Amino acid sequence: MKILGINGSPRLGGNTDTLLDQSLKAAKDRGWDAEKIILNQMDIIPPQEKEYYEVNEEGLSPIEDDMHIIYQKVKECDAIIVASPVFFGSLSAQTKIMIDRFQCVWVSKYLLDKDIFTKKIAGGFICVSAAHRKDFFQNAKSIVRNLFKVIKAKYTGELFCHGLEEKEDAHKHPDFLDSAYELGKKITSKKP
Ligand SMILES: Cc1cc2nc3c(=O)[nH]c(=O)nc-3n(C[C@H](O)[C@H](O)[C@H](O)COP(=O)(O)O)c2cc1C
């Protein structure tokens with residue numbers, strides 16, 4: 001069984017990264033293969049005009065960039081965790097651009113009657129912020145839920161951590177670290 005962690009923060013070793021690692025550790029402890037991808041290190045451009053109506057022969061984006069690595073990994077995994085910091089009241093740009101690039105799945109389904117992601121998987125969401133604003137987490141969550149619908153991931157668990165501002169802050173919160181571990185356990189223990 002494989003779990004894919006997607007880190008949408010530009011800060012390596014920061015709060016998002018630390019909590020995502022905890023969740024992936026729980027998956028590994030249960031015998032799962034865990035892989036993490038760092039969106040900020042990938043070559044992914046925002047949607048372009050052709051994405052409104054065009055897909056390639058696989059029904060995926062006609063833009064040739066690292067999104068194709070992500071499509072493949074999402075197809076192969078049994079569970080996914082999307083992790084993002086709150087930026088300006090919602091997801092980071094890195095995370096949102098990646099999600100927008102799943103538009104090809106919508107085009108395939110509604111314009112070409114072709115289902116691209118057919119396997120049911122489990123999905124989790126980690127979100128961190130400096131301020132305590134529930135609405136910011138809810139903004140981010142509604143977008144992630146849209147993604148999960150498109151890739152057939154069941155929204156199985158979430159972790160929202162506020163009061164994290166400096167890079168190392170997550171390490172000062174054993175409760176958050178424990179919750180991240182629990183999230184990883186939960187996502188890998190239920191059949192989607
Ligand atoms: C561009 C930018 C925008 C941000 N916007 C918000 C915000 O709207 N609300 C908030 O509470 N924190 C905001 N923050 C703070 C981050 O969410 C916070 O520092 C978080 O812990 C960063 O997580 P990371 O260490 O994983 O990158 C922002 C930070 C940056 C760099």
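Reader: Before that, what am I looking at?

Author: This is a predicted model; local features need pLDDT of at least 70, side-chain atom pairs count only at pLDDT 80 or more, and totals for chains, interfaces and linings use all residues. Residues are numbered from 1 along each chain as its sequence is written, and side-chain values use heavy atoms, with hydrogens and water left out.

Reader: OK. How many aromatic pairs are there?

Author: Six. Rings of Phe, Tyr and Trp (its six-membered ring) pair if their centres lie within 6.5 Å; planes under 30 degrees apart are stacked, over 60 edge-to-face, the rest tilted.

Reader: What about F125 and F160, which kind of pair is that?

Author: Edge-to-face. The centres are 5.8 Å apart, with 75° between the planes. F125 lies in strand β4 (residues 121–128) and F160 in strand β5 (residues 153–161), so the pair ties together parts that are 35 residues apart in sequence. Helices (H or I, at least four residues) and strands (E, at least two) are DSSP runs, numbered from the N terminus.

Reader: Are F125 and F160 buried or exposed?

Author: Both are buried.

Reader: Back to F137 and F160. Why does that pair count as stacked?

Author: The ring centres are 4.9 Å apart and the planes are at 5°, so the pair is stacked. F137 sits in helix α5 (residues 134–150) and F160 in strand β5, 23 residues apart.

Reader: Which residues form a ring cluster?

Author: Y71, F102 and F117, linked by ring pairs.

Reader: Switching topic. Where is F87?

Author: In the loop between β3 (79–85) and α3 (93–100). F87 is partly exposed, at 35% relative accessible area.

Reader: What does F87 touch?

Author: Leaving aside neighbours within four places in sequence, F87 is in contact (heavy atoms within 4.5 Å) with P10, S92, A93 and Q94.

Reader: Now the cysteines. How many disulfides?

Author: Zero, taking a disulfide as a pair of cysteine sulfur atoms within 2.5 Å.

Terms used
Buried means under 20% relative accessible area, exposed over 50%, partly exposed in between (1.4 Å probe, protein chains only).
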